[in-house]
Amino acid sequence: MITVNSDGKIMVRRCLVTLRPFRLFVLGIGFFTLCFLMTSLGGQFSARRLGDSPFTVHTEVIGALESRVVLRKMSDLLELMVKRMDTMVRLENGSDLHRGDKGHAMDRFPPGTKLMEKIQAIAQNVSDIAVKVDQILRNSVLHNKVSEGQRDQCEVPSDPKYPDCSGKVEWMHARWTSDPCYAFFGVDGTECSFLIYLSEVEWFCPPMPWRNQTAVLPPPKLLPKVQAAFRSNLSHLLELIGSGKESLIFMKKRIKQLEAHWVLAARRLEAKLKGSRRDQKQILIHIGFLTEESGDVFSPRVLKGGPLGEMVQWADILAVLFVLGHNLKITVSLKELQSNLGVPPGRGNCPLTVPLPFDLIYTDYHGLQQMKQHMGLSFKKYRCRFRVIDTFGTEPAYNHEEYATLHGYRTNWGYWNFNPKQFMTMFPHTPDNSFMGFVSEELNSTEKQFIKNNKANNMAVVYGKEASIWKGKEKFLGILNKYMEIHGTVYYETQRPPEVPAFVKNHGLLPQQEFQQLLRKAKLFIGFGFPYEGPAPLEAIANGCIFLQSRFSPPHSSLNHEFFRGKPTSREVFSQHPYAENFIGKPHVWTVDYNNSEEFEAAIKAIMRIQVDPYLPYEYTCEGMLERIYAYIQHQDFCITTEPSPLVASPQPARASSALAPNATHLVWLHNASLGSEVWPPVHSFQGWLAETGRTCTDACLDRGLICEPSFFYFLNTQDAFLKLNVSCDRTESEMNHLYPAFAQLGGECYLQKEPILYSCAGSNTKYHRLCPCRDFQKGQVALCQDCL
């Protein structure tokens, strides 16, 4: 048996105790060294991405090889340290196995002096690495100083083509740190970085002559043109919409319910077009009012009687665009929007990192505001591609920012400086905007006959799912109750709403199909003044009901009614549903003064004596909406900045291509004159009329069985047009006014329009005879002229 002295035992115990802390110490040194190197040389070890500082290119190229060598050496040294630690681990394990044989354990452990030598050797290796790193960093700093010296030699160019350059450079000096996006694009506080950013990312300064322009931002790859084809299966659209919100679930149910109607409408339109070729569009649909950032007050109320009109319209828009064969991206969150647009990190002051990949963007006012906040200058660059779903419409006077500010038309929702046709409405409120619409389910002849045979002559359904709508209506309900059984669909959770009288049979909130079944039995659908212009009255009329509504006196508008206050329109609403009153009318629609009990009761008696068939205007069928949106996508191009040139070139603004009609009351387009395919609607649908004083162009055209067409104002905005209408102008002026072109009889002054986006069918003044462009239209499709498809 081998014996050892007490000093040997103590040394062995100390080595066994200190071995594991030593391993941790060495591992910690290695990890710290690696982190130090990667942090110090991070810019040199990483691949350069688009948007990194343009001034780091040379540093990275020069230091790349050297950096790799250092990393390789460091890796070798760390590997050596690991091997040495493994050796010590084996020694430790061996000591554990032979702990009973103390003599062998002592033989396997090196003396204390040798252990210290190994620690010193590892420390020396780490020191060597640190020296090498210090040399690289010194070289890098020296090179950066040289580069900085070169960069600071840049001067702000003086170029009349870029008048804002110097001002923008001064702004960058003061504010470039206000948004991280500037650093993302390479701005570092130097004069050259400002000029490079302002010439290559933005466009306020001329390109720098010493820059390699082809290497900075490579031109986008042009995708091959793909032909659009009508789709007959909507299942992929339902996947694109997603889930997670009650509003999205509602929209998907509606699309699925109408799928057969959409497919049939697509087949009919395809037959009309006779195989004409059309390009597939890349379309982004961002439903801003459903985003969490905008509050999304709609989704929680879907199952509680909240308004569904906007979701009905959006569901139909999605179906139309998909059935037409276009490629869609659908977003209902800000994060998804930023990802699809290519928004750089920061606060939204910089342009997009890539060219906009979408031909068209459909959104609402909430989404428009979100994109303006995050697209920087790209918002202005691509604004011609936006299509804004706008329930109540935006008139030109509210749309022009400067004009709206100067003349009291500025609201929270206007001042976008768009072409007014980019705003797309639920109903054809004003021809200044494009009529988007929605659809109601169209019945076949068998269904219509079944409804007629099963109508209850004394059954009425009240238009209003929220209890507040019923408040204060006891008088009217009492009169109605004398003649009809009244049904309601008012939402409630546990107790019957006290606003609903006991004699009303309340079904609670009904699913859409059950609600339609109720309408198919009822004789009357009655409104109490709110909500305005929803889809339900059209659905009721389509299911064979007569719609009874109140007449407003005075008419409701932004001047006298809280609901319309702040909306970008001066339109006066004379009833709860102006479209139903003006475009459908009796016998399907009755509009009476609810403040006159006798008139109200007489209307009820008259309605009970008549029978009506189910009726749906063509423009609210699937086929009608499909035709309309197809025509918009094919022909509306707001990115073309040049107006159509007149037939005969002349230094004067006269349009020789317009001529007097034989009756000498208005202007028409000569049959043998044409501007070709560059004008839509086609010019032969044009008529020019001089309106009576105090009349809008919308009304002046309707008086003549026509529709006002703002795109034709261009042809009338000339002194020659006044002369051909026998208007003698003592003086002609060009000003910015939404009522021009117009003639002031007092003083004999003629006024021309100075700002094209202020051309407006809306607006009137008793001082002026407005010069109005009108066109024909298809029966049941006011948005399209007779040859527009």
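Tutor: The model is predicted, and the count of disulfides in it comes to nine. Three of them are described here, including where their cysteines lie.

One of the nine disulfides joins C154 to C192, with an S to S distance of 1.5 Å. This pair links distant parts of the chain: C154 sits in the loop between α5 (112-151) and α6 (165-175), while C192 belongs to helix α8 (residues 191-200), 38 residues apart. The torsion about the S-S bond of C154 and C192 is about 85°, so this disulfide is right-handed. As for cover, residues under 20% relative accessible area count as buried. C154 has a relative accessible area of 13% and is therefore buried. C192, with a value of 1%, is buried too.

Another disulfide is the one between C165 and C205, where the sulfur atoms are 2.0 Å apart. C165 lies in helix α6, whereas C205 is in the loop between α8 and α9 (213-216), so the pair ties together parts that are 40 residues apart in sequence. About the S-S bond of C165 and C205 the torsion is about 100°, and therefore this link is right-handed. C165 counts as buried at 1% relative accessibility. C205 counts as buried as well, at 1% relative accessibility.

Helix α6 comes up in both descriptions: C165 lies in it, and the loop that holds C154 runs between α5 and α6. Helix α8 does too, since C192 is in that helix and the loop that holds C205 is between α8 and α9.

The next disulfide joins C708 to C761, with 2.0 Å from S to S. C708 is in strand β17 (residues 707-708) and C761 is in the loop between β20 (749-753) and β21 (768-775), so this pair ties together parts that are 53 residues apart in sequence. With -80° about the S-S bond, the link of C708 and C761 is left-handed. Both C708 and C761 are buried.

Now for the setting of these links. The protein has 28 helices and 21 strands. Of its 789 residues, 50% count as buried. Among the contacts with a separation of 6 or more, 72% are between residues 24 or more positions apart. The accessible surface of the protein comes to about 38600 Å², and 54% of that belongs to carbon and sulfur atoms.

Key
Residues numbered from 1 in each chain as written. Predicted model: local features only at pLDDT ≥ 70, side-chain atom pairs only at ≥ 80, totals over all residues. Heavy atoms only, no water. Helix = DSSP H or I, 4+ residues; strand = E, 2+ residues; numbered from the N terminus. Buried < 20%, exposed > 50% of the residue type's maximum accessible area, 1.4 Å probe, protein only. Contact = heavy atoms within 4.5 Å. Areas by Shrake-Rupley, 256 points an atom, 1.4 Å probe, with all protein chains shown as cover. Disulfide = S-S within 2.5 Å.
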